[in-house]
Amino acid sequence: MLTELLTGWITHQRWFAGKGRPIDDLVVDSDVELSPRLRHLIISVHQSGARDRYQLLLGSEAPEWARFKPAHIGGGYYDAAYDADLTAALLEGMAEGRDLGALRFRHLDGVEIDTSKRSLVLGAEQSNTSLVYGDTYICKLFRRLTAGVNPELEIVTALALRDGTHIARPYGWIETDLDGETTTLAMTQEFLSNANDGWALALASVRDLYGSLEPSASDAGGDFSSEAYRLGVTTAQVHQEMAAAFPTDVIESQEVKRMVEEFRRRLAVAVEEVPGLGEHAHAAEEAYQRVSDVAGEMPVQRVHGDYHLGQVMRTTKDWVVLDFEGEPGQPIAERRALSSPLRDVAGMLRSFDYAARHLLADHPDADALRPRAIEWAELNRSSFLAGYSAGGGHLRAEDAVLLRALELDKAAYEVVYESRNRPTWLHIPMSAFQLGR
């Protein structure tokens, strides 16, 4: 009965990754009672010969059904992530370090967790579910489970132990064992209630520029360049903190050339899927060849892996970096792999292009505003790079070759993504191949 209800319900959840494919089977792998009326389930969903695992807080016998109608699964069950009376059990478990069945609740040494806070589900997320407890904590439930310790938990706890100042303070987590590996189910961090999202701040600046009579981006009222500079400093400092907290290495020229071959493979895939990219692909091919021609040793370390303006928050004091998960669609081993820190730098540079240009999609004055968008992006790119160098980031003259190649590799990925999901935004990554940077 329960598995039938879950099979019909899960395909309508935003975080379900298997939309559009029939479910062949759904099995409850783990069922642990957390408190009266609250169970924790791990379920396996089988589709087209593949299996994905998800976790669910299962509530039952709700005293006021009307409150949980949007979360209703069927029968007497509902998604208890939306029940603040029941989610208190998560904070209590982490505060007390409970073991419940196969689940282990843990907290960072030396922290105290206030269990009196009530939760509210944030509505914007797609792949996970975040519960905000008062204005103090945010607990992220990783809905789709991958065996292994989540990179975000690993990095923020390591940086917190080194008194890192550019992260949201971690408090606790929930874990279990999957496929013989310790696997993170959820983690709780400081909730930055008074901070502003970097993407929103950048967009406000772009809107001000579009509506300004000032002749240049640096003179417009919403100039973002000083914030871009501070963000560059923060990025360099976070890279240094990660290099101190985790092992680093140096890869030889042959490995650099293999990395370039992977760039070429991804570019070919993008051209095959979006043929219009073909006439501009020579820009990427030339950039990749330059990396091969000068390939030497390359320092590598742990990096953010999915770095853009949506992953940073501006507090009243400084920038804070969030979501060290890496690209969620990649295996955890790849997300934990050492890489050049310039990969993060390239990601943020691409984000400036997105912030500058995405408002031009379907804009009646797009042609007239495009030069201003380019000027805004160039100003903030140069400010970010200046800040990164000032903050101690390694950015030598010869690194420009690798940075350009990393940007175009990212843009090739974006071309495929936008063609599949947001065709009106396809012009943004396509423009990266047309600028003679």
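Does Arg 290 count as buried, exposed or partly exposed, and at what relative accessibility? In this predicted model, Arg 290 counts as partly exposed because its relative accessibility is 39%, where buried means under 20% relative accessible area, exposed over 50%, and partly exposed in between, with a 1.4 Å probe and protein chains only.

View 1. Arg 290 is found in helix H7 (residues 282–293), where helices are DSSP runs of H or I with at least four residues, strands are runs of E with at least two, and both are numbered from the N terminus. Ile 374, found in helix H10 (residues 366–390), is partly exposed, with a relative accessible area of 28%.

Residues are numbered from 1 along each chain as its sequence is written. Because the model is predicted, local features need pLDDT of at least 70 and side-chain atom pairs count only at pLDDT 80 or more, while totals for chains, interfaces and linings use all residues, and side-chain values use heavy atoms, with hydrogens and water left out.

**View 2. An open sheet of seven strands.** The strands follow the order S6-S7-S12-S13-S10-S9-S8, with antiparallel pairing, two strands being paired if DSSP finds at least two bridges between them. S6 and strand S8 (119–121) stand at the edges, each with a single partner strand, so one side of each is left without a neighbour in the sheet.

**View 3. The hairpin of S6 and S7, and the pairing of S7 with S12.** Strand S6 (residues 99–100) pairs with strand S7 (residues 103–107) in the antiparallel sense over two bridges, and Leu 100 stands opposite Leu 103 in S7. Two residues lie between the strands of this hairpin, and Gly 101 in the turn has a positive phi of about 55 degrees. S7 is also joined by four bridges to strand S12 (residues 170–178), with the two running antiparallel. In S12, Ile 174 is the bridge partner of Phe 105, and Trp 173 is the bridge partner of Arg 106.

**View 4. The largest nonpolar core, of 105 residues.** A nonpolar core is a set of buried Ala, Val, Leu, Ile, Met, Phe, Trp, Tyr and Cys residues joined through side-chain atoms within 4.5 Å. Leu 90, Tyr 288, Phe 352, Trp 376 and Phe 433 touch the most other members of the largest core, to which helix H11 (residues 399–421) gives the most, with nine residues. Phe 433 is in contact (heavy atoms within 4.5 Å) with residues including Leu 267, His 280, Leu 408 and Val 415, leaving aside residues up to four places away in sequence.
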